[in-house]
Amino acid sequence: MALPNFTPEERAKALEKAAQVRKARKELKENIKSGKTDPASVLKTRKDDPLVSKMKVKEFLQAIPGIGGAKADKIMHDANIPGNRRLGIRQVEALLEYLS
């Protein structure tokens with residue numbers, strides 16, 4: 001699929017929007033890691049928050065204190081979640097069951 005041709009202004013606007021989304025996702029992960037935000041409450045907001053719904057499952061799991069790459073892979077394997085999945089309905093249900 002060919003990329004659309006953007007004007008320099010449209011390109012700059014898209015890059016700025018992408019940077020804002022990355023910054024917001026980073027802040028969310030930092031809040032989860034520091035304990036300011038409960039991971040289960042984040043999962044429950046997935047339906048209303050595109051920031052959460054577009055986050056990869058492994059990225060979310062690694063934001064939880066005590067879960068690194070290997071443990072995230074094991075959790076995903078045990079829950080039958082493929083490694084490249086984002087936080088969809090089935091993934092959220094499986095993770096809520098794991099976190100409870």
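I shall begin with the basis of the model and then turn to the fold, the surface and the core.

This is a predicted model, in which local features need pLDDT of at least 70, side-chain atom pairs count only at pLDDT 80 or more, and totals for chains, interfaces and linings use all residues. Residues are numbered from 1 along each chain as its sequence is written, and side-chain values use heavy atoms, with hydrogens and water left out.

The protein has six helices and zero strands, where a helix is a DSSP run of H or I with at least four residues and a strand a run of E with at least two, numbered from the N terminus. Its C-alpha atoms fill a box of roughly 50 × 35 × 25 Å along the principal axes. With contact meaning heavy atoms within 4.5 Å, residues 24 or more positions apart supply 58% of the contacts with a separation of 6 or more.

As for the surface, the protein exposes about 7,100 Å², 54% of it from carbon and sulfur atoms; the areas come from the Shrake-Rupley method with a 1.4 Å probe.

Which residues touch the most other members of the largest nonpolar core? They are L28, I32, V57, F60, L61, L87 and L95, in a core of 21 residues. Each of the helices 1 (8-34), 2 (39-44), 3 (50-53), 4 (57-63), 5 (69-78) and 6 (89-99) supplies at least two residues of this core, and helix 4 gives the most, with four. Such a core is a set of buried Ala, Val, Leu, Ile, Met, Phe, Trp, Tyr and Cys residues joined through side-chain atoms within 4.5 Å, buried being under 20% relative accessible area with a 1.4 Å probe, protein chains only.

Finally, leaving aside neighbours within four places in sequence, L87 contacts residues including L43, V52, V57, F60 and L95.

Definitions and conventions: Buried means under 20% relative accessible area, exposed over 50%, partly exposed in between (1.4 Å probe, protein chains only).
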